[in-house]
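Here are some notes to read alongside the structure. Keep the viewer open and find each residue as you go.

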Amino acid sequence: MRKAVVKTGAPAPDGALPERTAAAAATSRPRFLVLGLLAITDGRETVVLQPSRPSSLLAALLLHPGAVVSTDLLQRVVWGNRPPAGGRSALHTCVLRLRRLFAKYGVADHAIEAVPGGYRLHADADTLDLLRFRELLARADAGDDPESALDLARAALRLWKGPLLGNVHSDELHRDHVPRLVEERLLAVERVFDGELRLGRHREMIAEAREAVRTGPGHEGLSALLIEALYRSGRRAEALAEYRRIHTYLTSELGVEPGPALRDLHGAVLRGEPTDGRSALPAAGVPPSVAAEAPAGLGRASPPAPGTLVLRALVNAGLLEEDPSGRYRVHDLLRLFVRAAGASLPAAAPPDQTDLPPSTVG
């Protein structure tokens, strides 16, 4: 069969797609894409719409599939805060141009419906990637098999092809609507990492979780999952460092404290307690499975030196903090308590705030 081709000439006016063969249009049901650049695909060829008023109108309708979108909102999406005189008539003209575009590429004429107060676009999971994304996540949440649920969640994330609506020039959409989609994606990423943890793949997910936290530095759920993955992998100092990072970000950038779930997780890491129903970790913060994976024939490791045990006990009690380089410092809370006590006892000297050297005792 001859492959359908997309002509690459100059963009057509009004956001029209480049011409393509009739055979391509008839091969399958057209599908809209909004989880990236606004586009139409038949499953084999994908054509990106050019920035235009009809494109902005279409994006607004696709972000509210099956719902009535008011004419007031559509006018703000298309023209901003300065709609033309006779805005409703101009909006109707824009809809007609969009319907002509639909006819050209095999989309049903009744896909856009005029209703009292606005317009509505009919779509389902087979014709809109956003609905397909939500359907896959719903199936993942409803399933009983953790492996299958994780596969479904990852399949949902693969539908995202950023930059999100980069070819739609609408301040209204990018200010008030696109951020909600971004949050939906972050929750899906969180769902994937939670699935990895449930399957015991905490080491395997660390690199991917770090990248997710880098792109969403203020998302508490992602940071909590990274902290737990590091903690379960025996990297307690890195887990505590990630908590300090998210704490600093939230307090300095947003003016809020971490939520109770993240604070409780931090406390569990400090005390060496179990997370998510698992058995407690040993004082060194290394999961029991790590010791079990030691090669045969090496014998049991020699016990830590007494000084090392004391330092670990102080970290577990929350009196010291350990950074990734192995250095220890007095915990900020302890310093506050000591200063408060010193204020009532003038003769008491404040504690030395110099970092302790790495734990090479013994």
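The numbered points below walk through a predicted model, one topic at a time.

1. **The core.** Let's begin inside. In soluble globular proteins, nonpolar side chains tend to be buried together. In this model the largest nonpolar core has 79 residues. The residues with the most contacts inside that core are V34, L38, L57, L58, F102 and F193.

2. Which residues does L57 touch, not counting residues up to four places away in sequence? They are L74, V78, L91, C94, V95 and L98.

3. Strands of a sheet pair through backbone hydrogen bonds, either parallel or antiparallel. Here you can find an open sheet of 3 strands in the order β1-β2-β3, with antiparallel pairing. The edge strands are β1 (31-33) and β3 (46-48), each pairing on one side only. From one strand to the next, the twist averages 25°. Strand β2 covers residues 39-41, and its antiparallel pairing with β3 runs over 3 bridges. To see how the two strands line up, look for A39, which stands opposite V48 in β3.

4. **A tilted ring pair.** A pair of aromatic rings is described by the distance of the centres and the angle of the planes. The model has 2 aromatic pairs. One of them is formed by F32 and F102, with 5.5 Å centre to centre and 45° between the planes, and it is tilted. F32 lies in strand β1 and F102 in helix α4 (residues 87-104), so this pair ties together parts that are 70 residues apart in sequence. Are these residues buried or exposed? F32 has a relative accessible area of 4%, so it is buried. F102 is also buried, at 0% relative accessibility.

5. **An edge-to-face ring pair.** The rings of F133 and W160 have their centres 5.5 Å apart and their planes at 80°, so this pair is edge-to-face. The pair links distant parts of the chain, 27 residues apart: F133 sits in helix α5 (residues 129-142), and W160 in the loop between α6 (146-157) and α7 (171-176). Both F133 and W160 are buried.

6. **Backbone details in the loop between α6 and α7.** Most residues other than glycine have a negative phi, and most peptide bonds are trans. With that in mind, look at the peptide bond from G162 to P163, which is cis, with omega near 5°. P163 lies in the loop between α6 and α7. L165 belongs to that loop as well, and its phi is positive, near 50°. L165 counts as buried because its relative accessibility is 0%.

7. **An enclosed helix.** Why is helix α3 (residues 71-79) described as largely enclosed by the rest of the structure? The reason is that 7 of its 9 residues are buried. After α3 comes G80, with a positive phi near 75°.

8. **A buried glutamate.** E196 is in helix α8 (residues 178-198). Its relative accessibility is 8%, so E196 counts as buried. The side chains of E196 and R154 are joined by a polar contact of 2.8 Å. Leaving out residues up to four places away in sequence, E196 touches L150, R154, R201, H202 and M205.

9. **A buried threonine.** T275 is found in the loop between α12 (260-271) and α13 (288-292). With a relative accessible area of 8%, T275 is buried. What joins the side chains of T275 and E228? The link is a polar contact of 3.1 Å. Apart from residues up to four places away in sequence, T275 touches E228, Y231, R232, L265 and A268.

Note on methods: Residues numbered from 1 in each chain as written. Heavy atoms only, no water. Helix = DSSP H or I, 4+ residues; strand = E, 2+ residues; numbered from the N terminus. Buried < 20%, exposed > 50% of the residue type's maximum accessible area, 1.4 Å probe, protein only. Polar contact = N/O pair within 3.5 Å; in protein donor to acceptor, adjacent residues only side chain to side chain. Contact = heavy atoms within 4.5 Å. Core = buried A, V, L, I, M, F, W, Y, C linked by side-chain atoms within 4.5 Å. Pairing = 2+ DSSP bridges. Axes fitted to C-alpha atoms, helices over the stretch in contact; angles between N-to-C directions. Phe/Tyr/Trp six-rings, centres within 6.5 Å; stacked < 30°, edge-to-face > 60°.
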